[in-house]
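User: I'd like to learn how to read backbone geometry and packing in a model like this one. Could you walk me through it?

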Amino acid sequence: MAGSTLASPTAEPATMLVAATRMAPPLSPAREAWRRFRKHRMAVVSLFILTLLIAAIGLGPFVWKLPINEIDFSAQLKAPSWAHPFGTDDLGQDLLARLIYGGRISLAVGLSAMAVAVSVGVTIGAVSGMARGGVDTVLMWLTDLFLSLPQLPLLLLVIYLFRDGLKAAFGAEGGVFVLIVVVIGGLRWMPVARLVRAQFLSLREKEFVEAARALGASRMRLIVKHILPNALGPVIVAGTIDVAAAIIAESTLSFLGLGFPPDIPTWGRVLFDAKDYLDIAPYWALFPGAAIFLAVLSINFVGDGLRDALDPRRVL
Amino acid sequence: MSAAYLLRRLLLAIPSLLGISLVLFTILALAPGDPFGELATNPNVPPEVRMALRAKFGLDDPVWQRYVHWLAAMLQGDWGFSFVSRMNVDTLILQRIPATIAVIGSAQVLAILIAVPVGVLAATRPYSLFDQVANTLAFVGFSLPTFFTGLLLILLFSVQLDWLPFVYRTDLKSTGLAWWGDQIRQSAMPVMVLGLFQGASLVRYVRSSVLDVIRLDYVTTARSKGIGERRVIIGHVVRNAMIPVVTLVALQLPVVFSGAIVTEQIFRVPGIGSLLIASILANDTPVVMAVSFVFAALVILFNLIADIIYGWLDPRIAYR
Amino acid sequence: MDAGEIRGMIKRVKNGRLSRRGFVRRMVAVGLTAPLATQLLSYGGVAMAQTKPAYKPTKAGGGGTLKLLWWQGPTLLNPHFATGTKDQDGSRLFYEPLAAWNSTGDLVPILAVELPTTENGGLPADGKSVIWKLKQNVKWHDGMPFTADDVVFNWEYAKDPATAAVTAGSYNSVTVEKIDTHTVRVVFKQPSPFWAEAFVSATGMIIPKHLFAAFSGDKSRDAPTNLKPVGTGPYLFKEFRPGDLVTGVINPNYHVAHRPYFDAIEMKGGGDAVSAARAVLQTGEYDFAWNLQVEDEVLLRLEAAGKGAVRVTEGGNVEHIQINFTDPNTEVDGEKSSIKTKHPSLSDPAVRRAFSLLIDKDSVHRFIYGRGGNATANFIFNPARFASKATKYAFNVEEANAILEKAGWKMGADGIRAKDGKQLKYLYQTSINQPRQKTQAIIKQAAKKAGIEIEIKAVTASVFFSSDVANPDTYPHFYTDLQMYTTGPTQPDPSVFLQLFLSTEAAQKANKWQGRNITRWQNAEWDKLYARQLGELDPITRAAMIIKLNEMVIEDVVVIPVVTRPSVAAVTKNLTCELSGFDSYIWDLANWFKEA
């Protein structure tokens, strides 16, 4: 590894700056990042798709007014048509309306749970990687503990202990939402913590960190400004994977009675309900599957674009 | 890396495990449900019978007392006694290990063997056709749950094409080469499903960390010195990009032991995952406790191994 | 037709002036069913017809391996420890009872020479005992003879509290005596109209004394034969992996000639019901799959492949909604749904009646359960001798609205009816299971149209069906307004089962919610009638009493039966087998065969 210079914001090549200032008036960091982001074509397309998805979910109910749980046996398992563009399920409920409604929950759960997992993971990983000795040992013990917990009994216990209290505090839906986000996030931060810690172990010994340390940078500044930006690669990947995992995990939770009530059609739930009908009504599974895939795909490319935009080494 | 450091870490593992076992036991003891649920709806089983069974298995004792019992037995090598099967827990677990290793183990190994080269290759040619294809497959891999991909494969390979069986059997009648043929045929689908799922995220991580390293100055320097591209990638890039990969592999290997619940369920693989889920649903605490405890030990062990490998990959990582 | 007329007819059958078939046909015509009719004959002293399925093979063996798929594999093989039907089925491969219940709900002798009757002196007139004659030529798999000592031992083994046997309930209240080497007498404390519990069917499988005698009581868990059964059945034990696989090979010394047909047997566990059905009906990898609680839509589609068929056998199970008569939202002395409280709205009979009109049973049957669930008005519906003809069900939103309106429950601005500030808002729980959640959705929608708002709750089955005292989500706690699950008598006699309406059985904190009466409905008149039928030896009077017990419960809307839950199995095309709704799927395994 000798001789490698890892970048940190302070180590931005001077020539680049000079070139940039000569060509155009100086840009603010945010606009500079946006300029870099735009260069990543897939990221821009994905941002567009993601915006579209969110708009569809947000505005959909005003345009597509069919109810989500109107049972109509005369319309059982109908293939897509003008009346039901995504078809109907085995109770004759309109799948488009259901996916629009469920998408709000699925995306919100996916993104919030990811945020919880990543922020907890990064914090614990960074502290553990920077600190040594006792703190590292204790935090890694905590990570090991969470990794070894059998999730199912734990979840049942959580439902049993906290459901009623949270319902009282946040209302039926709000309480369930908080519970789900905390549970999914709370059980998925460990890989992030391990990844960040591993990166920190290596990065904290690098020359540029030594340099910054010698210049009297505070520990906090070392972590936030110098090491963390170089450790973000795996974190962004973990973040996007976590969104997908959380959307799917939500559907599993509703089977434990921990998720939303079973008549709320989140994407994962619809996909699960559709699985036994895969050879009779493939469209039933196709649309929620595609929705999850599309959301994950676009979030991921946006993540890639973000990394390029924030990565000081990338020469564009 | 000193021997003293290693010794200290190993010694630290003992209180770690004890602590974890205490937490595990408490969670299992407090989690709702009891092993005799199925009896509850049977009108011919009087409630007294259920109560007597609970008392007989010590389910009415205080949690701390049950933990002390468990720990004392464990220290003497007694893994406990299953409430549901009324047999020793270690026999029960040992029966499940071959199928677990055969299916879950090979899926993990396969995932690692495929994901690492694919990830490296994708990163060396970012946004090329190969990269795009690998990425798309990876996204499919982790945005579709295994219950779904498994069913898709069954419909394709078992129902439509009639190539592969979808019930995994531990009592294959054939011998010799034919046995291997049958074994591979029946393992193909579960391994594929699991391999795709595990490999997908790994590809993304490998690609990302190789991309991180490949842009660094020293790689450019190495190239400009006229070292062959192959050697640059393998000798300079991959080694330095391996830290996150080692972390992930160390995270995934203990999972070989705990099995894959959904995949095992779909293909009826009698692995530890299906034993675990059945035991959890039946509240067979001794089995769940034993599996979780071994799993915890493996997690700690692989965490330690990962730390050691970090030091080997990057000698500047100092252990004190 | 009254009891006297029926008695006259039974006499004519005895004299040979009326054929059995003629009698049965007449009874069916007046609303009883065939099983009841045959049972009446046996009570009346006419031997039961020994219905044997036509068995074609002319020698034992030669049938290859019979492959059974149990999507929950057996976890233990000692019938006295069986916690669920899967374990009873695993044990049944090797062990046998004295008699079993066939597809029509009639008793068939297995290890008994014949069924006890009044004629053969097996059923003394005082109703206080039953005498079983055992087959002479039966040998345990290890070659030892099967005798009365084995039967008596099973009683001693099961009733010993230290053994912790699950079957204790069938043996606790009886005494078993050996009369000679092949005759035993089961003595009851009171005159017992229903005598076929001990040594019969699932809880009646008999284990060998010579292998278990040393492991009775506290040492029961150490018996090596707990895991390596040595029985009298058609197959010898070969291998057992709990939850995964049980295998056996043909028993060359089986006590019935030319049986069994198959050379080996395997019972594979694991997976889910849909894929089990797939493996039999669509790919033909397996011969038989049990307990297919799957939407009929899916089953029909799989059957279209032509490799096998779905077999439906009605038992006594019924999916039903329970009404909470106590208040789940008020806590009294540390318990909700206390019998000291009254439900604010469901205690009003008008509300209950209106609600019962909002259950669209026909749609639930047609669109969810199909062949796996027929709409029913009765809680006790099978055997038909106990099924009421007077009860009816209807789905009628207008009438429900009218009843509520008349009873003073006025529609509020929010579309929810209320009276004296009490709203018709209910929490409706069940276990997590797709057909159940769909049923909930259908009922929720209909209730809304009548101004009743329902909130759906689904609890993991492992919690819902547990007897965990600390958990409020179990069904015996019943801390909601409504709940739904399946239950039913496990033998063709509902007397024990009906305890779930006894006032004294009310589930509450004092009995750790172990009481059988979950709805906490209390009715002194019902309790008295129940007590009377317990000692009633005349089968016809008793059947009439049981019918009345069921009618009272339905008329007062204590429970609302939704659909029956027969046992559903997938059977490969050329396999011949007789199933049963009141016994294990494999009660008649020895007679199964395949046609070429």
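User: Where is C:Pro260 placed?

Analyst: C:Pro260 sits in the loop between E8 and strand E9 (264-269) of chain C; helices (H or I, at least four residues) and strands (E, at least two) are DSSP runs, numbered from the N terminus. This is a predicted model, where local features need pLDDT of at least 70 and side-chain atom pairs count only at pLDDT 80 or more, while totals for chains, interfaces and linings use all residues. Residues are numbered from 1 along each chain as its sequence is written, and chains are lettered from A and ligands numbered from 1 in the order in which they are written.

User: What is the peptide bond from C:Arg259 to C:Pro260 like?

Analyst: Most residues other than glycine have a negative phi, and most peptide bonds are trans. Here the bond from C:Arg259 to C:Pro260 is cis, with omega near -5°. C:Asn382 and C:Pro383 are also joined by a cis peptide bond, omega being about -5°. C:Pro383 belongs to the loop between helix H11 (361-369) and helix H12 (397-406) of chain C.

User: Why does C:Trp513 count as buried?

Analyst: A residue is buried if 20 or more other C-beta atoms lie within 10 Å of its own, exposed if 12 or fewer, and partly exposed in between, with C-beta atoms placed from the backbone. C:Trp513 counts as buried because it has 24 C-beta neighbours inside 10 Å. C:Arg520 is buried too, with 24 other C-beta atoms within 10 Å.

User: How many residues does helix H16 of chain C have, and which are buried?

Analyst: The expected span of a helix is 1.5 Å times one less than its number of residues. Helix H16 (residues 539-555) of chain C has 17 residues and spans 24 Å from first C-alpha to last, close to the 24 Å expected. Its buried residues include C:Ile540, C:Arg542, C:Ile546 and C:Leu549. Just after H16(C), C:Val557 has a positive phi of about 50°.

User: How many residues does each of chains C and B give to their contact?

Analyst: Two residues are in contact if their C-beta atoms, placed from the backbone, lie within 7 Å. Chain C gives 44 residues and chain B gives 43.
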